[in-house]
Amino acid sequence: MASLLAGKPLMGGLKLQRSAKMAVPAVAVPRVATAAAARVGLKGGLGERPFAPKPVEKKPLAPAPQAASGDAPAPEPKKFLGFEPITWAKILPLGAMFFCILFNYTILRDTKDVLVVTAPGSGAEIIPFLKTWVNLPMAIGFTIMYSALSNRLSSEALFYTCIIPFIAFFGAFAALMYPMRDALHPTEFCQNLLEQMGPRFAGPIAILRNWTFCLFYVMAELWGSVVVSVLFWGFANQITTVEEASQFYPLFGLGANVALIFSGQAVKYFSQVRAGLPPDVDGWGVSLNGLMGMVVIGGLLIIGIYFSLQRLVVPKLKSLREGKKKKNKTKMSVGESFAFLAQSSYIRDMATLVVAYGISINLVEVTWKGKLKAQFPNPNDYSSFMGEFSTATGTVTFTMMILSRWIFKQFGWGVAALITPIMLLITGLLFFTLVLAGDTVKPALAAWGMTPLYAAVLVGAAQNVFSKSSKYSLFDPCKEMAYIPLEDEVKTKGKAAIDVICNPLGKSGGALIQQFMIIGLGSLAASTPYLGAILCVIIVAWINAAASLNKQFTALQEETGMYITGEKPANKSEKKD
């Protein structure tokens with residue numbers, strides 16, 4: 001009888017134990033138990049039978065969202081300022097990379113303008129032709145080459161293959177090409193050609209006459225689009241999450257734009273070094289050697305940081321994501337990019353923003369550089385002013401970067417996206433008004449000790465400073481954030497289309513408009529009133545596209561739950577549990 005009383009509950013207990021989750025560890029009891037004890041074991045899960053298998057204890061890889069009663073809570077990973085160490089291991093090196101990239105770009109941007117604008121037989125009129133007939137074809141050619149190489153090389157090898165030729169070229173230009181410029185440039189041939197064709201074609205002829213300077217200009221332009229847009233942001237988007245991007249992308253430029261201050265002062269220092277040189281020494285050549293030496297060092301630092309990330313951080317990220325299916329990158333040709341742009345209103349609005357910015361900034365910038373050359377005809381004086389300009393840009397951008405997080409938090413994406421076009425419209429119209437009404441305001445400017453030309457240079461510089469600072473602190477983060485809630489396929493194809501088409505099209509679009517104006521009206525100065533009117537039309541289209549994109553972006557955030565500020569707005573009700 002005792003065996004009967006002990007046996008049946010034990011069998012029943014075995015059956016229930018095998019189907020239970022064993023939330024609480026079992027405690028051993030004697031083999032022969034009373035019926036009451038057996039029932040306690042069944043109800044409370046405390047009885048362990050000698051023939052019942054022990055549950056396998058599994059160590060959780062991450063803290064479980066809901067722990068069963070009786071389990072000890074898993075320890076939370078240590079965090080610093082709210083983020084895990086692996087996040088800081090990514091963000092800090094990426095910030096250092098961006099610092100070096102913008103440090104180089106500022107030096108290259110200031111130097112390329114000095115070279116082509118102050119070159120013999122050249123001027124600001126050369127820039128529109130250069131951006132359309134040299135820069136745009138080379139940008140498209142690079143894209144085709146990049147797509148072909150990406151099918152054959154790993155992402156790490158592709159990075160080195162793209163960036164090393166830039167570093168080698170800038171070092172070789174200062175050491176070899178600039179000292180040999182007289183032998184390399186077809187000066188006499190181009191002078192005869194100019195006499196036959198007339199001054200209307202001075203821009204295209206100046207490209208041929210100073211082809212090494214123009215090649216430097218294009219390589220400096222490509223550094224901004226290739227190294228920043230393709231290499232850096234492509235790599236950053238691969239190793240950061242949506243939450244990290246929404247927190248750190250607006251602040252990425254904080255440390256990086258300090259580079260504008262340092263690089264601006266470096267440009268000014270090397271431009272003034274000629275004061276202590278003998279009169280028969282080419283001071284600009286010495287300055288160029290120093291500046292390009294810093295560019296080469298900065299490029300090597302970029303490679304070193306990237307190499308370290310690939311060895312120390314990327315393997316850890318791969319191990320954390322090894323359970324996720326990796327999707328293949330979408331490769332798009334130029335024709336496919338146009339077709340995709342035509343299909344998506346969301347991507348079309350983003351493309352309008354990028355193209356409108358490129359056209360607007362070029363319409364003002366080229367006219368300003370023409371005035372700048374008239375005020376500073378000497379290359380070193382021109383370069384020194386550009387150094388001060390870059391320092392001011394870095395200082396204002398640093399301030400705007402600090403304000404950007406507050407703007408996003410208080411006013412949202414829509415207001416942040418509208419600040420750049422409104423800023424550019426106000427300052428651009430002020431600049432064009434001063435250029436056109438210079439004689440009218442001449443007596444008032446004389447009281448301040450300024451000429452209309454110098455006042456136009458200062459107002460144009462302020463316009464460029466505020467436009468570029470709002471771009472770095474608000475426009476670029478807005479553009480990158482707009483990709484976040486998109487589906488993976490749309491995100492990849494849209495970014496590819498904009499990188500292939502819109503970046504070079506925006507830069508060359510304003511240049512193409514200016515070319516027609518220069519050839520049709522005879523000079524850049526005669527085109528100024530028409531350029532101001534075109535600027536207004538372009539910016540109005542930009543503002544409309546930003547407003548349309550804001551509606552789609554807000555709806556997409558509500559649909560996906562990917563809010564840029566990290567939490568759903570208080571006035572929005574939850575759609576899902």
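Here are a few notes on this structure, which is a predicted model.

1. Start with a pair of helices. Two packed helices are described by the angle between their axes and the distance between the axes. Here, helix α15 (residues 379–436) packs against helix α17 (residues 452–483) at about 155°, and their axes are 4 Å apart. Angles over 145 degrees count as roughly antiparallel, so α15 is roughly antiparallel to α17.

2. Stay with that pair for a moment. If you look at how α15 and α17 cross, the crossing is left-handed. As for what sits in the contact of α15 with α17, sorting by class gives 32 nonpolar, 13 polar and 2 charged residues.

3. Next, have a look at the largest nonpolar core, which holds 138 residues. Which of its residues touch the most other members? Those are Phe 170, Trp 223 and Met 292. Helix α9 (residues 211–239) is the top contributor to this core, giving 18 residues.

4. The core also involves both domains: domain 1 (80–319) and domain 2 (333–565) each supply at least three residues to it.

5. Last, find Phe 98, which lies in helix α3 (residues 85–117). Is Phe 98 buried or exposed? Its relative accessible area is 8%, and the cut-off for buried is under 20%, so Phe 98 counts as buried.

6. While you're there, check Phe 98 against Ala 259. In sequence the two are 161 residues apart, yet in space they are 9.0 Å apart, C-alpha to C-alpha.

Key:
Residues are numbered from 1 along each chain as its sequence is written. This is a predicted model: local features need pLDDT of at least 70, side-chain atom pairs count only at pLDDT 80 or more; totals for chains, interfaces and linings use all residues. Side-chain values use heavy atoms; hydrogens and water are left out. Axes are lines fitted to C-alpha atoms, for helices over the stretch in contact, and angles run from 0 to 180 degrees between N-to-C directions. Helices (H or I, at least four residues) and strands (E, at least two) are DSSP runs, numbered from the N terminus. Angles under 35 degrees count as roughly parallel, over 145 as roughly antiparallel, 65 to 115 as roughly perpendicular and the rest as oblique. A crossing is left-handed if the near helix is turned anticlockwise from the far one by less than a right angle, and right-handed if clockwise. Ala, Val, Leu, Ile, Met, Phe, Trp, Tyr, Cys and Pro count as nonpolar, Asp, Glu, Lys and Arg as charged, and the others, Gly among them, as polar. A nonpolar core is a set of buried Ala, Val, Leu, Ile, Met, Phe, Trp, Tyr and Cys residues joined through side-chain atoms within 4.5 Å. Buried means under 20% relative accessible area, exposed over 50%, partly exposed in between (1.4 Å probe, protein chains only). Domain bounds come from an automatic or database domain assignment.
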